[in-house]
Amino acid sequence: MKKIIVLLFVMVLASAKLSAQDYNWAIGVRGGVTMSGLSVKYNFDPANSIEGMLDFAQGFNIVALYERHIPVITNGFRFYYGAGANLGAWHHHDDKFTLGIDGIVGLEYKISSIPLAFSLDYKPFLNFIGHTGFHAADFGLTIKVAF
């Protein structure tokens, strides 16, 4: 875990400038440890985006995130981090309503020749209502069609 954080930090420091986004919208699927489902992302300028996720793995949960992006390594790669909120219901907890806050940090790669983007992320969350507590084990891979 510490090695991943250090690697992401070094990649951010290696970045010298912001560049334009390769896409405005992206829709895809995310497979994660505790959250898997649909992902929709909108880049509203070169450094800022919003992402919505619908989780079907543990029940039905909605996550909304604000994300900042920093180009790293080479063209097509972006480090991102952000925060947001979630609400929904978890099946294995009697479908109790849940509400909490989420964080996210990840690395995205947009293939320049085709409209595909891949991202690896870490998305911990803290629920205050329903399935309460801090959930730190959510790593995920998202594959999106970008347009």
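## Basis and terms

Two strands are taken as paired if DSSP finds at least two bridges between them, and the elements themselves are DSSP runs numbered from the N terminus, with helices being H or I runs of at least four residues and strands being E runs of at least two. The model is a predicted one, in which local features need pLDDT of at least 70 and side-chain atom pairs count only at pLDDT 80 or more, while totals for chains, interfaces and linings use all residues. Residues are numbered from 1 along each chain as its sequence is written, and side-chain values use heavy atoms, with hydrogens and water left out.

## Overall composition

The secondary structure of the chain comes to 1 helix and 10 strands, and reading along the sequence gives the pattern α-β-β-β-β-β-β-β-β-β-β. Of the 147 residues in the chain, 40% are buried, where buried means under 20% relative accessible area, exposed means over 50% and partly exposed lies in between, with a 1.4 Å probe and protein chains only.

The accessible surface of the chain is about 7,800 Å², and 72% of it belongs to carbon and sulfur atoms; these areas come from the Shrake-Rupley method with a 1.4 Å probe, and for residues only the protein chains shown count as cover. Among the contacts with a separation of 6 or more, 47% are made by residues 24 or more positions apart, a contact being heavy atoms within 4.5 Å.

## Strand pairing

Strand S1 (residues 25–32) is joined to strand S2 (residues 37–45) by 6 bridges in the antiparallel sense, with Val29 standing opposite Leu38 in S2, and a hairpin of 4 residues connects S1 to S2. S2 in turn pairs antiparallel with strand S3 (residues 48–55) over 8 bridges; Ser39 has Met53 in S3 as its bridge partner, and the hairpin that joins S2 to S3 runs through 2 residues.

S10 pairs with S1 in the antiparallel sense over 7 bridges, and S10 also pairs with S7 in the antiparallel sense over 7 bridges. Leu141 in S10 is the bridge partner of Gly31, and Leu120 likewise stands opposite Leu141.

## Strand S10 and Lys144

S10 has a covered face made up of Gly140, Thr142, Lys144 and Ala146, and an uncovered face with Phe139, Leu141, Ile143 and Val145. Lys144 lies in S10 and counts as buried because its relative accessible area is 1%. The side chains of Lys144 and Ser119 are joined by a polar contact of 3.3 Å, a term for a pair of N or O atoms within 3.5 Å in which, within protein, one must be able to donate a hydrogen and the other to accept it, residues adjacent in sequence counting only if both atoms are side-chain atoms.

With its neighbours within four places in sequence set aside, Lys144 is in contact with residues including Tyr23, Ser39, Lys41, Glu108 and Ser119. Lys41 lies over the face of Tyr80, at 4.4 Å from the ring centre; a charge is said to sit over a ring if NZ of Lys or CZ of Arg is within 6 Å of the ring centre and within 35 degrees of the ring normal.

## Aromatic pairs

The structure holds 6 aromatic pairs, where rings of Phe, Tyr and Trp (its six-membered ring) pair if their centres lie within 6.5 Å, and planes under 30 degrees apart count as stacked, over 60 as edge-to-face and the rest as tilted. Phe79 and Tyr81 form a tilted pair, 6.1 Å centre to centre with 40 degrees between the planes; Phe79 is buried at 9% relative accessibility, whereas Tyr81 is partly exposed at 37%.

Tyr122 and Phe139 form another tilted pair, with 4.7 Å between the centres and 35 degrees between the planes. Tyr122 lies in strand S7 (residues 116–122) and Phe139 in strand S10 (residues 139–146), so this pair ties together parts that are 17 residues apart in sequence. Tyr122 is buried, with a relative accessible area of 15%, whereas Phe139 is partly exposed at 35%. Trp25, Tyr42 and Phe44 form one aromatic cluster.

## A positive phi

Most residues other than glycine have a negative phi. Ile73, although not a glycine, has a positive phi of about 60 degrees. Ile73 is found in the loop between strand S4 (59–71) and strand S5 (77–90), and Ile73 counts as exposed, at 55% relative accessibility.
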